[in-house]
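Thanks for coming. Please look at the sequence and the structure on the screen.

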Amino acid sequence: MTDHIDLEDIGSNPTDNRAFHDVLDAFVSRRAVIAGGLAGAAFAFAGSKVSAKGIAPTKRTASGVAAKARPAIGFTSIPLQNSPMPTIAPEYQYSSLVPWRTRLDGKGEFPEALTSDQQAVSMGLGHDGMWYFGDNRKGMLAINFEYGTSQHALGKAEPTTLEEVRIKQHLHGVGVVYIEKGAKGWSLKKDKRNRRIHVNTPVEFSGPAAKSDLLVNTARNEPLGTINNCANGYTPWGTYLTCEENFNGYFGSTSTTWKASTEEARYGVTAAGFGYAWHKFDARFDRSQPGYANEINRFGWVVEIDPENPKAKPVKRTALGRVKHEGADVVVGKDNRVVVYMGDDERFDYVYKFVSARDYKKMIAAGKSPLDEGTLYAAKFNDDGTGSWLELSPSNPALSSWTIDKILVHTRLAADLAGATKMDRPEWVSTGADGWEYLTLTNNSNRGKSGQPTTNAANPTKENTEGHVIRWKDADSHIGTTFQWNIFFLAKEIFDEGGQMFGSPDGIWADPDGRIFIQTDGTQPGKNNDQMLVADAKTKEIKRIFTGVAGCEVTGVAVTPDRKTMFVNLQHPGDGNPAITNFPAKFTGATGPKPRDCTIVITRKDGGVIGS
Ligand code: FEO
Ligand code: CA
Ligand code: CA
């Protein structure tokens, strides 16, 4: 089942549109080109040499310079480990950057017992998806702060005051910060563009469901905030996309008679939530408050942020649907339309794509966002290695009685009716240099259990605790409604040193040279630490480049244009317990500092491209 496609054919038959990373490079000098209500800046690609055809995709680095002739993955693979400090391949080195509590004003760090006001102007917890907008020495880094446990942030099981809830709310969201490479490495510098976006930051809705009654509360409260910002995307016009994943967990009910509606149940909303306890102090998050009945519908979106304009409100792009969004990989497809690939991370949930209505440049020139008009689809993977994209609109007979705003707000239920394929927890997706989409399916221990969906060709493992990576290629340069697919890796079948190599793939990023970076979040073989691996898309050779610390997840990947600096994140090191690790401080044990989520800066000692 895994090789319908002759692997040798892939490299010789690349898609005719360029790898998106090349497009991005061409736009790196752009200033504030934001569409559809973000900054309102003029559409101009100053100094850019972009043309519709142009740069060849596979044999060039992002800077347009031919890559050196050496093996695609030339470094020494390292063993698994379970230590309190990270390890990295011997050809590489790392340093840490912007841990939790780093002040946005460049004046160091706030103390551990920080206030909610201090948390609102410093780096959050749960460093996750991110992207870097800059040149090889300086630029803006946008980082998601997915979550932090109350034990980690407050030293107690749950908040017991509104101030403690606010601390927790302010550590969630996104940080957009200016960073610079100096003599001692990269650091955050004071800059007027530095900003924090958190659960109480004003936001706006855009697209077909923006004016829907489903997004209005009788309390008439303004739309605020973003939560559980997991993976990410970035656009050819220079903006950042942050994706709201497990938003359901922040809601609960103070009333014992409250019952979840069908729609709430489909998104996993329960009276207890995930234990954040915000609903006990903040009525927005209390499902039993009639004034806030639709507050829940305001989360679960892909949110666009202009990293250059700290005054622009984040925009929730409703055309991309409302699910537990993991990531949003943007690629330029046929006719210059932008295509966004997205996973919904839940057992037996779906893969989505959005195709803009027209040429994205023309849409921006006309004052419209390419992410506001277009078609949303859910994926159906057939057992014969083909697949189709099922349109989620009233023109699909299965949804003819639905309005478009209902489809976009209750997207999971619409995709159920359309007949999408239930997957093993779709996490990140990235477009390869070969024009294929690479998607991690992290695990699904319920697959094939009694009363649960059975295996299928795209999810072939019963009780899939290891996860897999699937890939597909859409017809018609990303915009077609059919595709062919195969399985890139079943994690349980990838071995090194006589043992399984990894489990629970999550973060993924394809570089323009054909490397696939894979990050893990879950139990690793031998209960070792989470890690980052590099695979060759053509040969499937795979090596381990980095291992995190005990109790952490390795997630998020961004690069400078020359790809000689890579940023990755260590999330929840030691789960906040100093007895496990004090990272980024050296390990001194339980009496040492509490470990902190942070960014890791990776460089090759000889200054080469990361992954080589
Ligand atoms: Fe936030 Fe599915 O990981
Ligand atoms: Ca993830
Ligand atoms: Ca995960």
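I will start with one cut-off: a residue is called buried when its relative accessible area is under 20%, exposed when over 50%, and partly exposed in between. Keep in mind that this is a predicted model.

Take I602 to begin with. This residue sits in strand β32, which covers residues 598-604. Is I602 buried or exposed? Its relative accessibility is 0%, so I602 counts as buried.

What is I602 in contact with, if we leave aside its neighbours within four places in sequence? The list includes I88, Y92, Q93 and Y94. It also includes M532 and F546, then K564, T565, M566 and V568, and finally I610. As for V559, that residue is 43 residues from I602 in sequence, and the C-alpha to C-alpha distance between the two is 9.4 Å.

Now the metal site. Which residues coordinate the calcium ion that is ligand 3? They are E427 through OE, and D506 and D521 through OD, at 2.3 to 2.5 Å. Along the chain, these donors follow the spacing E-x78-D-x14-D.

D506, at 2% relative accessibility, counts as buried. D521, at 23%, counts as partly exposed.

Note on methods: Residues are numbered from 1 along each chain as its sequence is written. Chains are lettered from A and ligands numbered from 1 in the order in which they are written. This is a predicted model: local features need pLDDT of at least 70, side-chain atom pairs count only at pLDDT 80 or more; totals for chains, interfaces and linings use all residues. Side-chain values use heavy atoms; hydrogens and water are left out. Donors are N, O and S atoms within 2.8 Å of the metal (3.2 Å for Na, K and Ca); water is not among the atoms, so sites may look incomplete. Buried means under 20% relative accessible area, exposed over 50%, partly exposed in between (1.4 Å probe, protein chains only). Helices (H or I, at least four residues) and strands (E, at least two) are DSSP runs, numbered from the N terminus. Contact means heavy atoms within 4.5 Å.
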